[in-house]
Amino acid sequence: MPFQPLQRISVRLFSSCCSLLENIANWIQDRPRISPWFYKHHSAEADYRDHNGRMFANLHEQERMLADGQRMAFYQQAIRQHIKRGDRVIDLGTGTGILAALASRQGAAHVYAIDHSDILKHARTLAIANQIENVEFVATHSSAFNTEGPVDVILHEQMGDCLFDEDMVANVTDLRDRLLKPNGLILPSVFEFFCEPINITNARLVPFIWELNVCGYDYSCLEYNRPQDSSYYHLSSSDLNLVDHFLGQPEPVLTIDLHTVNAADLPPQITFTREVINAGRLDGFAIYFRARVDHDLTLSSDPTDPQRAPHWGFRILRCEGEIYAEGDVIETTLTVGKWPELDTWRWTHVKQLAANRALATRAV
Ligand SMILES: C[S@@+](CC[C@H](N)C(=O)[O-])C[C@H]1O[C@@H](n2cnc3c(N)ncnc32)[C@H](O)[C@@H]1O
């Protein structure tokens with residue numbers, strides 16, 4: 001047929017134009033200064049949902065999660081141990097459908113696999129190709145999702161680098177309160193949140209600009225002009241060589257159980273102390289988490305742990321370099337406007353010298 005090549009070219013041209021327009025739209029939406037010229041203003045929450053949905057439609061985001069062996073081993077084991085034959089399960093934020101598929105293979109009677117992102121079209125294809133049955137895909141945000149009766153298990157992977165930044169607590173507890181059986185299970189449910197004083201490896205350390213003296217060129221005069229943009233004061237990394245050591249003994253500054261917590265219970269301020277056991281320069285505070293299922297099954301994003309789940313970044317809350325000796329104490333206060341929004345977090349610390357503490361103890 002003489003028209004076939006022409007038709008094929010037209011179809012290719014049309015789909016190239018569509019994907020070009022989609023890329024331009026995404027590019028505009030990612031630029032807050034330009035996007036109001038093209039799009040009506042939405043609420044911050046709507047903007048976040050939109051950003052989240054588009055981020056997870058990106059195949060590379062999904063690849064990074066799926067290739068994270070620690071993450072997948074943790075979920076595989078958790079599902080094997082806790083999903084029982086005949087369970088009705090919600091997989092909140094199913095992505096490519098991997099956790100829903102594992103739950104189905106474990107014998108779940110029905111899995112509602114919900115996601116608000118366009119990734120769901122691939123999840124549907126994958127389930128058919130892998131002969132997964134009992135999984136019902138629902139394209140929706142979880143807050144708009146409903147089932148006919150309550151479910152036995154809510155399965156989810158909603159942890160952001162800073163644990164709370166993908167709105168895990170609000171998303172999961174909303175489904176828990178509406179759709180989980182009274183003794184139903186949330187998998188995973190226990191999370192430990194860490195904020196540890198760290199020393200950064202000298203070769204990797206990037207001080208604030210006013211702390212720099214580069215080849216005798218002194219930058220301290222720029223201190224008067226400290227940036228107001230809060231994102232300047234934290235950085236994200238997955239570099240295992242970044243953190244040289246923790247100054248104190250790490251312990252969670254907050255532990256939550258999604259079976260019982262409510263978003264309103266998260267404290268607006270946490271104050272904690274660390275006695276310095278590994279002397280050195282304090283360069284900042286590492287934010288990371290540990291998820292716990294049973295006593296022995298954990299998933300960690302600890303920046304000093306070679307067994308950490310590698311695809312999660314960890315955040316460093318930066319501070320000016322300050323030398324600490326063994327026995328000194330760092331008292332830190334973390335004040336949080338909204339837990340899912342790192343830009344609303346503020347941190348300060350006070351140094352108590354070991355020598356002064358010894359004097360005070362002797363006086364008592
Ligand atoms: C971190 S990914 C996990 C994907 C998949 N469960 C896995 O473990 O590979 C989170 C997914 O949840 C989806 N998501 C986030 N919040 C959601 C919400 N409130 N309702 C529905 N989907 C949501 C995102 O689009 C994304 O696909």
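User: What does Ile 154 touch, leaving out residues up to four places away in sequence?

Analyst: In this predicted model, Ile 154 touches Ile 90, Leu 92, Val 172, Leu 175, Arg 176, Leu 180 and Ile 186.

User: OK, and which residues touch the most other members in the largest nonpolar core?

Analyst: Ile 154 is one of them, along with Val 89, Ile 90, Ala 103 and Ile 287. That core has 75 residues. Strand β13, residues 280-293, puts in the largest share, 8 residues.

User: Which domains does this core draw at least three residues from?

Analyst: Domain 1 (63-157) and domain 2 (191-363) each supply at least three. As background, nonpolar side chains in soluble globular proteins tend to be buried together.

User: Switching to the ligand. Which residues come nearest?

Analyst: Phe 56, Gly 93, Gly 95, Ser 117 and Ser 142, out of 19 residues around the ligand.

User: Which element gives the most to that shell?

Analyst: Helix α3, with 3 residues. At least two residues each come from α3 (44-57), α6 (98-105) and β2 (110-115).

User: How does the shell split by class?

Analyst: There are 11 polar residues, 6 nonpolar and 2 charged.

User: New topic, helix α7. Which residues in α7 are buried?

Analyst: Leu 120, Ala 123 and Ala 127, in a helix that runs over residues 120-129. They sit on the same side of α7, because the arc they cover around the axis is only 45°.

User: And which are exposed on the other side of α7?

Analyst: Lys 121, Thr 125, Ile 128 and Ala 129.

User: What do the buried residues of α7 pack against?

Analyst: They pack against α6, β2 and β3 (135-139). Recall that α6 and β2 also supply residues to the shell around the ligand. After α7 comes Gln 131, with a positive phi near 50°.

User: Last one, Asp 229. Where is it, and is Asp 229 buried or exposed?

Analyst: Asp 229 lies in the loop between β8 (217-218) and β9 (234-237). It counts as exposed because 8 other C-beta atoms lie within 10 Å, and the cut-off for exposed is 12 or fewer. The C-alpha atoms of Asp 229 and Asp 343 are 8.7 Å apart, although the two residues are 114 apart along the chain.

User: What about the chain overall, how many helices and strands?

Analyst: The protein chain has 9 helices and 17 strands. Of its 364 residues, 32% are buried. Among contacts with a separation of 6 or more, 74% are between residues 24 or more positions apart.

How values were computed:
Residues numbered from 1 in each chain as written. Predicted model: local features only at pLDDT ≥ 70, side-chain atom pairs only at ≥ 80, totals over all residues. Helix = DSSP H or I, 4+ residues; strand = E, 2+ residues; numbered from the N terminus. Buried ≥ 20, exposed ≤ 12 C-beta atoms within 10 Å, placed from the backbone. Contact = placed C-beta atoms within 7 Å. Core = buried A, V, L, I, M, F, W, Y, C linked by C-beta atoms within 7 Å. Domains from an automatic or database assignment. Near = placed C-beta within 6 Å. Nonpolar A, V, L, I, M, F, W, Y, C, P; charged D, E, K, R; others polar. Arc of directions from axis to C-beta.
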